[in-house]
Amino acid sequence: MAISELEWKATKKRYGHKCFLCTTTEESLGDLDKAHLKGRSEGETQYVPLCPNCHGRFDKGLLTKTEQKKLGFATEHEYRRAMPSRNRQHDSLICG
Ligand SMILES: [Zn+2]
């Protein structure tokens, strides 16, 4: 479920128009990526502005523990759950 342009603008404003993880400014990037996090409960969604670099690392599951904590994931498991499902499937294949 996508959010409206208005909601996204409000979200970016709340985060100071910066990448949430590395604080690269929207101004220097041109635009920020809309990172889609799955919420803790089913059907809940959350959007966080990230630069393309951090967004790519997030999607690939490459965030550091510190970065995971910053995004509100208490455990590696929570982070895995919030990742895009294609990667989670990949992950569960690896884990058996
Ligand atoms: Zn970043």
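Let's start with Thr23, which sits in the loop between H1 and H2. This is a predicted model, so keep that in mind. Thr23 is not a glycine, yet its phi is positive, about 60 degrees. Is Thr23 buried or exposed? Thr23 counts as exposed, because it has 11 C-beta neighbours inside 10 Å, and the cut-off for exposed is 12 or fewer.

Now His17. His17 is placed in the loop between helix H1, residues 5-14, and helix H2, residues 26-29. His17 also shows a positive phi, about 55 degrees, and is not a glycine either. His17 has 14 C-beta neighbours inside 10 Å, so it counts as partly exposed. Partly exposed is the class between the exposed cut-off of 12 or fewer and the buried cut-off of 20 or more.

On to Thr66. Which helix holds Thr66? That is H4, residues 65-70. Thr66 counts as exposed because it has 9 C-beta neighbours inside 10 Å. Look across to Leu21. Thr66 and Leu21 are 45 residues apart in sequence. In space, their C-alpha atoms are 9.6 Å apart.

Now the whole chain. How many helices and strands does it have? There are 6 helices and 2 strands. Read from the N terminus, the order is α-α-β-β-α-α-α-α. The chain has 96 residues, and 21% of them count as buried.

Last, contacts. Take the pairs in contact that are at least 6 apart in sequence. Of those, 44% join residues at least 24 apart.

Definitions and conventions. Residues are numbered from 1 along each chain as its sequence is written. This is a predicted model: local features need pLDDT of at least 70, side-chain atom pairs count only at pLDDT 80 or more; totals for chains, interfaces and linings use all residues. Helices (H or I, at least four residues) and strands (E, at least two) are DSSP runs, numbered from the N terminus. Two residues are in contact if their C-beta atoms, placed from the backbone, lie within 7 Å.
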